[in-house]
Amino acid sequence: MKHLIRTATLLALSLLTMQSCQTPSTPEGKTICIIGDSYVRNHRRPVEETWHYKAANKLNMTYHNYGRNGSCIAFNRDKEGFGPSLLERYRQMPDSTDYILVIAGHNDARKVAGKPDTLHIFRQRLDSLCLGLRTHYPKARIGFVTPWDVPEEGFKEVNALIHEICKGYEIPVYNAATQSGIIVADSAFRKQYFQGPRDQAHLNNAGHDLMVEKGETFIRSL
């Protein structure tokens, strides 16, 4: 039954996509919602320093930030003080939003590392998130941004599943692990562009500036 619902939803969404493609659209003046973890919230620094805020500002978009430190795509972390998963809170975004960027997966990678059963749960819940986004926001232009190329177990698996599942829902993916130029494994790079020399997730203001043009290009591509 779930497979039939998913198939019917994708067929309906494909028709909507075909219709929207007949009318070219630009992001200028539109509303964009960014949802995710501390990549989105910007950890201990102001949201205004993030590349997605700066890109949206350049594009004259109305910007909404739904980032939460420690948030996972698939796993509820209420007991750890980090709140519910994206799957549980994506409906916080307004129904009328024009663009959605999901930037997450870092915390999931650490949850699934070396745990095949947990990785399977991640796959299922990521699929449910993509279906939910497509169903609840049928006219929104949706994109996904992967975590950086963090040299830890679990990250390659999570990045691969993000590409696989998003492809099934025709959700474009920006592969920040290979396309961003953010070199997490380089200590000198982290010292210059991250919020701390041991930080593997959070860019500082200068680090975000490296991503603004790439982020703007990705938003336009949606």
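The backbone nitrogen of Tyr53 lies 3.2 Å from a polar atom of the Thr50 side chain. The model is predicted. The Thr50 side chain also reaches the backbone oxygen of Val47, at 2.7 Å. Both polar contacts are listed here.

Thr50 sits in the loop between helix H2 (38–41) and helix H3 (51–58). Its relative accessibility is 0%, so Thr50 counts as buried. Leaving aside residues up to four places away in sequence, Thr50 touches Val40, Asn42, Tyr63 and His208.

Next, a helix pair. Two packed helices are described by the angle and the distance between their axes. The axes of H6 (residues 116–136) and H7 (residues 155–168) come within 10 Å and cross at roughly 35°. The crossing is right-handed. From H6, Leu119, Phe122, Arg123, Leu126, Asp127 and Cys130 take part. They meet Glu157, Val158, Leu161, Ile162, Glu164, Ile165 and Cys166 of H7. The residues of this contact comprise 9 nonpolar and 4 charged, with no polar ones.

Finally, the whole chain. It holds 10 helices and 5 strands. Of its 222 residues, 50% are buried. Among contacts with a separation of 6 or more, 74% join residues 24 or more positions apart. The chain exposes about 10900 Å², and carbon and sulfur atoms supply 52% of that area.

Conventions: Residues are numbered from 1 along each chain as its sequence is written. This is a predicted model: local features need pLDDT of at least 70, side-chain atom pairs count only at pLDDT 80 or more; totals for chains, interfaces and linings use all residues. Side-chain values use heavy atoms; hydrogens and water are left out. Helices (H or I, at least four residues) and strands (E, at least two) are DSSP runs, numbered from the N terminus. Buried means under 20% relative accessible area, exposed over 50%, partly exposed in between (1.4 Å probe, protein chains only). A polar contact is a pair of N or O atoms within 3.5 Å; within protein, one must be able to donate a hydrogen and the other to accept it, and residues adjacent in sequence count only if both atoms are side-chain atoms. Contact means heavy atoms within 4.5 Å. Accessible areas come from the Shrake-Rupley method with a 1.4 Å probe; for residues, only the protein chains shown count as cover. Axes are lines fitted to C-alpha atoms, for helices over the stretch in contact, and angles run from 0 to 180 degrees between N-to-C directions. A crossing is left-handed if the near helix is turned anticlockwise from the far one by less than a right angle, and right-handed if clockwise. Ala, Val, Leu, Ile, Met, Phe, Trp, Tyr, Cys and Pro count as nonpolar, Asp, Glu, Lys and Arg as charged, and the others, Gly among them, as polar.
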